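Have the sequence and the 3D view at hand as we go.

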Amino acid sequence: MSQDSEVKTDFISESFKKVQDHICHGLADLSGQNFLEENWTYHKGTGGGRTRVWEATETHLIEKGGVNFSDLIGTDLPSAAVEKWNIPKGSTWRATGVSLVIHPSSPHVPTIHMNVRYFEVAEANMWWFGGGVDVTPYYPHISNVVWFHQALKTLCEKHNQSYPTYKEYCDKYFLLPHRGETRGVGGIFFDQLSDKCPEAASNPSAFTKKALLDFTSDLGFLFSTIFSHFAVENRLIPVTPEQRQYQLLRRGRYVEFNLIYDRGTKFGFQSEGRTESILMSLPPTTKWQYNWKPEEGTQEDKIMKFFHRAQDWLSIDPSTFSL
């Protein structure tokens, strides 16, 4: 019996629940803030989810955050998905995963997004994993950015996955074309990984169901280390009113991406998912200002010109870096 035949979807779902628990307990311990939990059911099929949310004030580490687990079964996929994946209309599908966005109150701690997910249409013998993590700093420290990308490279290498490929996917995906800038400093992003994906041809052992579950689960368990690295010291840096205003303006860019381009948001609405869980990714407070640009030569101007462009972060030596 193959290892994949032993990896049942219920086991994948339970594994992702453990990822959610690990992340939420880590965030609660780090922030000292408790989360609100809501269990819900999927009205267009079976299954449901467990949403955990933080909402607080600027005096807390997490101003707004959510970590959502879901396991849904349905038969009414959006027509775009039916066409893209070439599956019979009305096929039974199942999707499970964890998705999170954390908006810290301090502009010295980045907004962070992560998700891991599994999707299958059993009658079409189709399954795949997806996921990724990216950070959106407001006042980034190059040493933190390089550390983050090195941690992701190490994770990918442990599982025989391609960090350069998934970094490039992330840079291309988290792009605001209408602004000509990236959302943040990237990370990794991957989609539709399976034993039939193109990458599996040269490396089949890394693309079994078990191997991909291990990879995506380890990414989920890495989250607490990543967020702690960014938050522990940076949360103590004093914040000026000007820095808060810059954070709010940059949050506006985050909202633009999520509502215009994000595939998860689109799929959620098209499949008539739970609105509150879909929109938990939005920040509590943001700001748009007509034709806003930072003043030439300011720290904010330099940050936008350098950090909001795709870069080979691992080629940068933090000890010699200067904006």
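**Pockets and cavities**

Q: Which element gives the most residues to the lining of the second largest pocket?
A: This is a predicted model, so please read each answer with that in mind. Two elements give two or more residues to this lining: helix 7 (241–260) and helix 10 (299–307). The top contributor, with 3 residues, is helix 10.

Q: Which residues lie nearest the centre of the second largest pocket?
A: This pocket has a volume of about 320 Å³. Its lining is made up of 15 residues. Those nearest the centre are Glu 181, Arg 253, Trp 292, Lys 293 and Met 304.

Q: How many charged residues are in the lining of the second largest pocket?
A: Sorting the lining by class gives 5 nonpolar and 2 polar residues. The charged class has its own count, which is 8.

Q: Which residues are the closest to the centre of the largest pocket?
A: Here the space comes to about 1100 Å³. A set of 45 residues lines this pocket. The closest to its centre are Arg 263, Gly 264, Thr 265, Phe 267 and Gly 268.

Q: How many nonpolar residues are in the lining of the largest pocket?
A: Several elements give two or more residues to this lining, among them strand 3 (62–74), helix 3 (79–85), strand 9 (187–193) and helix 8 (263–270). By class, the lining has 8 charged and 17 polar residues. The nonpolar count is 20.

Q: How many residues of strand 9 are buried?
A: Strand 9 is one of the elements giving two or more residues to the largest pocket's lining. Buried here stands for under 20% relative accessible area. By that cut-off strand 9 is mostly covered, and of its 7 residues the number buried is 5.

Q: What is the bridge partner of Val 133 in strand 9?
A: Strand 6 (residues 126–136) and strand 9 run antiparallel, joined by 5 bridges. In strand 9, the residue bridged to Val 133 is Ile 188.

Q: How many charged residues are in the lining of the largest cavity?
A: The structure holds 3 cavities of 30 Å³ or more, and the largest has a volume of about 50 Å³. Its lining includes His 108, Pro 137, Tyr 139, Asn 144 and Phe 230. The lining residues divide into 7 nonpolar and 4 polar, and the number of charged ones is none.

Notes: Residues numbered from 1 in each chain as written. Predicted model: local features only at pLDDT ≥ 70, side-chain atom pairs only at ≥ 80, totals over all residues. Heavy atoms only, no water. 1 Å grid on protein atoms, 1.4 Å probe; cavity = no way out; pocket = protein on both sides within 12 Å on 5 of 7 lines; lining within 4 Å. Points joined across faces, edges and corners; volume = space filled by probe spheres on them. Helix = DSSP H or I, 4+ residues; strand = E, 2+ residues; numbered from the N terminus. Nonpolar A, V, L, I, M, F, W, Y, C, P; charged D, E, K, R; others polar. Buried < 20%, exposed > 50% of the residue type's maximum accessible area, 1.4 Å probe, protein only. Pairing = 2+ DSSP bridges.
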